[in-house]
Amino acid sequence: MATREILEGIQLQGEDEAIAYQVLCDPPAVSVVAVKVYDNTASGADVTAIVMPAGTASVAAGNITLPLLQNLTVEHLYRVDVRYSDGTNTLEPYFYVRAER
């Protein structure tokens, strides 16, 4: 069974860290349609404005660099959805980030 979840599994991030994650895309990205972050611990609330307050995603060599992910709450699990176009199709891989102390 195929999955859209990024293969590296749950990423661990400290509550005081700010990380610009990179998504290696196959097929290669041409443009980013949208990036959304959901707090799965808080009933799946959309927290994009809180945890990615500045910047936009960028594409270089077919891969996507996300804005800084920050302001996380300890013990919460976040789902990061990255919707992009390969020039023909719109794809939406996702990955999880668990915030720790």
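**From a buried tyrosine to the sheets**

Tyr94 counts as buried, at 11% relative accessibility. Here, buried means under 20% relative accessible area, exposed means over 50%, and partly exposed lies in between (1.4 Å probe, protein chains only). The model is predicted, so local features need pLDDT of at least 70 and side-chain atom pairs count only at pLDDT 80 or more, while totals for chains, interfaces and linings use all residues. Residues are numbered from 1 along each chain as its sequence is written, and side-chain values use heavy atoms, with hydrogens and water left out.

Start with the whole chain. In sequence order the pattern is β-β-β-β-α-β-β-β-β-β. The C-alpha trace spans about 40 × 35 × 20 Å along its principal axes. The radius of gyration is 13 Å, which agrees with the value near 13 Å for a compact globule of 101 residues. That radius is taken over C-alpha atoms, and the globule rule is 2.2 Å times the number of residues to the power 0.38.

How much of the protein is buried? Of its 101 residues, 38% count as buried. The protein exposes about 5900 Å², and carbon and sulfur atoms supply 50% of that area. Accessible areas come from the Shrake-Rupley method with a 1.4 Å probe; for residues, only the protein chains shown count as cover. A contact means heavy atoms within 4.5 Å.

Now look at the rings. A pair of aromatic rings is described by the distance of the centres and the angle of the planes. Rings of Phe, Tyr and Trp (its six-membered ring) pair if their centres lie within 6.5 Å; planes under 30 degrees apart are stacked, over 60 edge-to-face, and the rest tilted. The structure holds two such aromatic pairs. Tyr21 and Phe95 form a tilted pair, with 5.3 Å centre to centre and 55 degrees between the planes. This pair links distant parts of the chain. Tyr21 sits in the loop between strand E1 (11-14) and strand E2 (22-23), whereas Phe95 is in strand E9 (residues 94-100), 74 residues apart. Tyr21 is buried, at 12% relative accessibility. Phe95 is buried too, with a relative accessible area of 5%. Tyr94 and Tyr96 form an edge-to-face pair: 5.7 Å centre to centre, 85 degrees between the planes. Tyr96 is buried at 17%.

Arg79 lies over the face of Tyr94, 3.7 Å from the ring centre. The criterion is NZ of Lys or CZ of Arg within 6 Å of the ring centre and within 35 degrees of the ring normal. What does Phe95 touch, beyond residues up to four places away in sequence? Its contacts are Ile6, Gln11, Tyr21, Val23, Leu66, Tyr78, Arg79, Val80 and Val82. Leu72 is 23 residues from Phe95 in sequence and 15 Å from Phe95 in space, C-alpha to C-alpha.

Turn to strand pairing. Strands of a sheet pair through backbone hydrogen bonds, either parallel or antiparallel. Two strands pair here if DSSP finds at least two bridges between them. Strand E3 (residues 31-39) and strand E7 (residues 77-85) are antiparallel partners over eight bridges. Within this pairing, Val35 stands opposite Val82 in E7. E3 also runs antiparallel to strand E4 (residues 45-46), joined by two bridges. There, Asp39 stands opposite Ala45 in E4. The hairpin of E3 and E4 has five residues between the strands, and Ser43 takes a positive phi near 60 degrees in the hairpin.

An open sheet of three strands has the order E2-E6-E5, with antiparallel pairing. E2 and strand E5 (58-60) are the edge strands, each pairing on one side only. E5 and E6 run antiparallel, joined by three bridges. Asn63 belongs to strand E6 (residues 63-65). Ala60 stands opposite Asn63. Is Asn63 buried or exposed? At 19% relative accessibility, Asn63 counts as buried. Leaving aside neighbours within four places in sequence, Asn63 contacts Gln22, Val23, Leu24, Cys25 and Ser58.

Key:
Helix = DSSP H or I, 4+ residues; strand = E, 2+ residues; numbered from the N terminus.
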